[in-house]
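User: Can you walk me through this model? I'd like the fold, then the details.

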Amino acid sequence: MTIMTVSQTFLDAVSARRTYYQLTNESTIPDSRIVELVNAAVLNTPSSFNSQSTRLVLLLKQEHEKLWESAKEILRGIVPADVFASTEQRLNGFQKAYGTILFFESPDPVKALQEKLPTYADRFPIWSEHSSAMHQFFLWTALEAEGLGANLQHYNPLIDERVCAEWNVPADWSLKAQLVFGTPTGEPLEKTYQPLKDRVFVHGL
């Protein structure tokens, strides 16, 4: 077994990850590199009992724009007309970016584990959510380490049916999040920190 120390590069990338809303439809890296990062996330992110339940859909350029145009159409029929302008402005901001990664969870690996290990049946859906969150963090951090900016959205389940129909996604996949990314033009949101003494407890030193 190879023992590795945590490199400062990794810690720097984690510390530098922020939420960027001002994004352009340009990329700092080629599409092939984006695909490489998505593949790396799927191959190397852990999952409970190695269930590998996460499914990712990468939308770039016109396909990305189509997603947020659909979101506007859907929300226009839900949000009251007198307040829709602010919603549309927000969605326009996402649409102006370069791409979106859709994070899904497939129920089949979860159901298989529930049948195999019924003692933990009620926990497997929760652990599936944990795996999805790790994929989201992996790619959010990795994209920003490449000079891109990103923000994480949750317009599910409002857009689920349209997404499944448009991009041939199985209807039983559960959409968890949408990671919007592009070249940042503004500063990220300021991050504040609660005291570590209220959040971290160490015993045995």
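Analyst: Below is a quick tour, from the overall layout to single residues. This is a predicted model: local features need pLDDT of at least 70, side-chain atom pairs count only at pLDDT 80 or more, and totals for chains, interfaces and linings use all residues. Residues are numbered from 1 along each chain as its sequence is written, and side-chain values use heavy atoms, with hydrogens and water left out.

User: How many helices and strands are in the chain?

Analyst: The chain has 7 helices and 5 strands. Helices (H or I, at least four residues) and strands (E, at least two) are DSSP runs, numbered from the N terminus. In sequence order the pattern is α-β-α-β-α-α-β-α-α-β-α-β.

User: And the dimensions of the C-alpha trace?

Analyst: The trace spans about 55 × 40 × 40 Å along its principal axes.

User: What share of the residues is buried?

Analyst: Of the 205 residues in the chain, 41% are buried. Buried means under 20% relative accessible area, exposed over 50%, and partly exposed in between (1.4 Å probe, protein chains only).

User: What about contacts along the sequence?

Analyst: Take contacts between residues at least 6 apart in sequence: 85% of them join residues at least 24 apart. Contact means heavy atoms within 4.5 Å.

User: Let's do β5. Which strands pair with it?

Analyst: β3 pairs with β5 over 7 bridges, antiparallel. Two strands pair if DSSP finds at least two bridges between them.

User: Which residues face each other?

Analyst: Thr-100 has Val-180 in β5 as its bridge partner. Asn-151 also stands opposite Val-180. Thr-24 is partnered with Thr-183 in β5.

User: Is β5 covered or open?

Analyst: Mostly covered, with 9 of its 11 residues buried.

User: Switching to α3. What length should it have?

Analyst: Helix α3 covers residues 62-76, 15 residues, so at 1.5 Å a residue it should span 21 Å. The expected span is 1.5 Å times one less than the number of residues. Its end C-alpha atoms are 21 Å apart, which agrees.

User: Which α3 residues are buried?

Analyst: His-64, Leu-67, Trp-68, Ser-70, Ala-71, Lys-72, Ile-74 and Leu-75.

User: What covers them?

Analyst: The cover includes β2 (54-60), α4 (84-95), β3 (99-105), β4 (149-153), α7 (160-166) and β5.

User: Pick a residue in β2.

Analyst: Leu-56 sits in that strand. Leu-56 has a relative accessible area of 19%, so it counts as buried.

User: What does Leu-56 touch?

Analyst: Leaving out residues up to four places away in sequence, Leu-56 touches Val-38, Val-42, Ile-101, Leu-102, Phe-103 and Leu-139. Val-42 is 14 residues from Leu-56 in sequence, and their C-alpha atoms are 7.9 Å apart.

User: And Pro-170: where is it?

Analyst: Pro-170 is in the loop between α7 and β5. Its relative accessibility is 32%, so Pro-170 is partly exposed.

User: Last one. Where does Leu-205 lie, and is it buried or exposed?

Analyst: Leu-205 is in the segment after β5 (174-184). Leu-205 is exposed because its relative accessibility is 97%.
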